[in-house]
Amino acid sequence: MNLSQSINLDHTKKSPRKIILFGAPGAGKGTQTKEICNALSVHAVSTGDMIRQSLKNSTPFEQKMSLYIKAGKLLPDAIIIDLIKERLLTQDCKNGFVLDGFPRTISQAKALENMDVKIDLVISLEIKDSLIIKRMSGRRVCSICGMPYHIVYNKPKVENICDVCGGRLIKRVDDGLSVIKQRLEVYHSLTEPLKDFYRKKRILVSVTAEGDVVETTSLVLKTIGID
Ligand code: AMP
């Protein structure tokens, strides 16, 4: 597909700066979000990271939230919408951001439209479920800063240690096989319909994420006009 034609991207204009990175769990959203943020000097807004950070508090509310995550289910829309609204209103999101993991339902997408935020581009990372299941078993994240790694495809410089902050790498509680399958089911039923929602607005671009990290990054950066 000719990406520029499909969404009328004019590369003589400024790069898009308000971006949604969309894709199944394990498609590489976290890794690609960091690449785009570095390239455009904008902030990442990851609902998964925000939730995991707040779960460290372990109040009864957070304990309830962790049950949704451990079961591979989505948190209630109202909670997520409040969380994101507050974050997008902060000064460091004024000039751009990459949304990683939001919106995940049609009602979250509609709520985003009602916030005073105009999304420039939605990038959908495409990858088959069988490859996701294969990849997710090797996925690790930093226990302190949340930086994503993979034991084969995206290794840290020192085994089990985060390159960025020196934190210990761990397997996420929701990366076990049965939870991954549940998360994929939720993705296909509740989140994937968003592709049509954004396709109709002519801001959706699909990028294959089946290659290695370097290949995917190069395709993603091309999509935002950076070669
Ligand atoms: P992620 O790190 O994006 O894969 O998110 C991990 C988990 O956090 C998901 O499986 C959900 O339980 C929860 N979560 C993250 N973002 C959202 C969202 N936009 N709506 C509902 N739940 C979410």
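Analyst: **A helix crossing and its surroundings**

Helix α7 passes helix α8 in a right-handed crossing. A crossing is right-handed if the near helix is turned clockwise from the far one by less than a right angle, and left-handed if anticlockwise. The model is predicted: local features need pLDDT of at least 70, side-chain atom pairs count only at pLDDT 80 or more, and totals for chains, interfaces and linings use all residues. Residues are numbered from 1 along each chain as its sequence is written, and side-chain values use heavy atoms, with hydrogens and water left out. Helices (H or I, at least four residues) and strands (E, at least two) are DSSP runs numbered from the N terminus.

The axes of α7 and α8 (residues 177–191) lie 11 Å apart, at an angle of about 145°. Axes here are lines fitted to C-alpha atoms, for helices over the stretch in contact, and angles run from 0 to 180 degrees between N-to-C directions. From α7, the contact (heavy atoms within 4.5 Å) takes in Asp129, Ile132, Ile133 and Met136, while α8 supplies Leu177, Ile180, Lys181, Arg183, Leu184 and His188. By class, the contact has six nonpolar, one polar and three charged residues. In this count Ala, Val, Leu, Ile, Met, Phe, Trp, Tyr, Cys and Pro are nonpolar, Asp, Glu, Lys and Arg are charged, and the others, Gly among them, are polar. An α-helix has 3.6 residues a turn, so residues three or four places apart point the same way.

Arg183, one of the α8 residues in this contact, has a further partner: its side chain meets that of Asp175 in a salt bridge at 3.3 Å, N to O. A salt bridge is a side-chain nitrogen of Lys or Arg within 4 Å of a carboxyl oxygen of Asp or Glu. Asp175 and Arg183 are both buried. Shared partners among salt bridges connect Arg139, Arg172, Asp174, Asp175 and Arg183 into one network. Buried means under 20% relative accessible area, exposed over 50%, and partly exposed in between (1.4 Å probe, protein chains only).

Lys128 pairs with Glu210, their closest N and O atoms being 3.4 Å apart. The two residues are 82 residues apart, with Lys128 in the loop between β4 (121–126) and α7 (129–136) and Glu210 in the loop between β8 (204–208) and α10 (213–223). Lys128 counts as partly exposed because its relative accessibility is 46%, and Glu210, at 32%, is therefore partly exposed too. A further pair is Asp92 with Arg87, at 2.8 Å, N to O; Asp92 is partly exposed at 34%. The structure holds eleven salt bridges.

Ser124 is buried because its relative accessible area is 0%. Leaving out residues up to four places away in sequence, Ser124 touches Phe22, Lys195, Leu204, Val205, Ser206 and Val207.

β4 is also among the elements that cover the buried residues of helix α2, including β1 (18–23), β2 (43–46), β3 (97–100), β6 (148–150) and α10. The buried residues of α2 include Thr33, Ile36, Cys37 and Leu40. This helix (residues 29–40) has twelve residues and spans 16 Å from its first C-alpha to its last, close to the 16 Å expected at 1.5 Å a residue; the expected span is 1.5 Å times one less than the number of residues. Just after α2, Ser41 takes a positive phi of about 55°. Ser41 is exposed because its relative accessible area is 62%.

Leu190, which belongs to the residue range 177–191 of α8, is among the residues touched by Thr105, together with Leu74, Asp77 and Leu194, when residues up to four places away in sequence are not counted. Thr105 lies in the loop between β3 and α6 (106–114) and is buried because its relative accessible area is 9%. Pro103 lies in this loop between β3 and α6, and the peptide bond from Phe102 to Pro103 is cis, with omega near -5°. Most residues other than glycine have a negative phi, and most peptide bonds are trans.
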